[in-house]
Amino acid sequence: DHPILIYKKQKQRNSAKSIKLIYKDSLPVFVPAKDVKRGDLIVCPRPKAEETISEISIKDYLVNFIEEDSCITNVNKKHRINKTIKLDFNFGKLIGYLISDGCINKRSISLFFGTNEIRFVEDVINIIYEKFGVKASFCKNKTSNMFVVSCSSTIISNFFDRFMWSNINKHIPKEIWMSSDYCRMGVLAGLVRGDGCYKKNTVAI
């Protein structure tokens, strides 16, 4: 019977297709938990971190690595990557892309896009190079008619595996929630581009 603050479900009007417009004349009310119905909107406080994280250290998420000056590498020294990564809009966008369309192998990461999404393919390749200094490549998968972006790097794949995977499920890392609004906006942009759709006055994921 614990009271929960909600907006009672409203019927969608033809002239109001966005959540904001549908509920603009409504006020939230407290109801017992047992009376919350499907379609009601639960009002939650926005979590606010005591401090904002602006960058992370890659080595905090790696096990086998070698430090060389300001860079991180592994035994074969194929790639030398900066020790720190700024949590900015582009990095957030890469996280969004990976959550929606990505997978991680032992020595590489891959992302999948439709053949009409070449601009997203180019965006991912540019961000990977900007953040890690590694050139990703892409090809067209003939069987699925999709573009596949691949980045072959054990360090990068191990980093993302430990940074954003929990058991077998991808998730938004806690560091992202503690980063700037700009970084989190990037995550949202990547999610919408990967798994979202656009309608009049509405974006759905």
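The structure is a predicted model, in which local features require pLDDT of at least 70 and side-chain atom pairs pLDDT 80 or more, whereas totals for chains, interfaces and linings draw on all residues. Residues are numbered from 1 along each chain as its sequence is written, and side-chain values rest on heavy atoms, with hydrogens and water left out.

Helix 2 is mostly covered, with 11 of its 13 residues buried (buried, under 20% relative accessible area; exposed, over 50%; partly exposed, in between; 1.4 Å probe, protein chains only). The buried residues of helix 2 include Phe 91, Leu 94, Ile 95, Leu 98 and Ile 99. Lys 93 and Asp 101 are also among the buried residues of this helix.

The chain contains six helices and 16 strands, assigned as DSSP runs numbered from the N terminus (helices, H or I, at least four residues; strands, E, at least two). Along the principal axes, the C-alpha atoms occupy a box of roughly 60 × 45 × 25 Å. Of the 205 residues, 37% are buried. Among contacts (heavy atoms within 4.5 Å) with a separation of 6 or more, 64% are formed by residues 24 or more positions apart. The accessible surface, calculated by the Shrake-Rupley method with a 1.4 Å probe, amounts to about 13200 Å², and carbon and sulfur atoms contribute 51% of this area.

Asn 76 lies in the loop that connects strand 6 (71-73) with strand 7 (81-82). Its relative accessible area is 55%, and Asn 76 is therefore classed as exposed. Asn 76 and Ser 152 are 76 residues apart along the chain, and their C-alpha atoms are separated by 13 Å.

With a disulfide defined as a pair of cysteine sulfur atoms within 2.5 Å, the count is zero. Cys 71 takes part in no disulfide, the nearest cysteine sulfur being that of Cys 151 at 16 Å. Cys 71 has a relative accessibility of 10% and so counts as buried. Cys 183 is likewise in no disulfide, and the nearest cysteine sulfur, again that of Cys 151, is 19 Å away. Cys 183 also counts as buried, because its relative accessibility is 0%.
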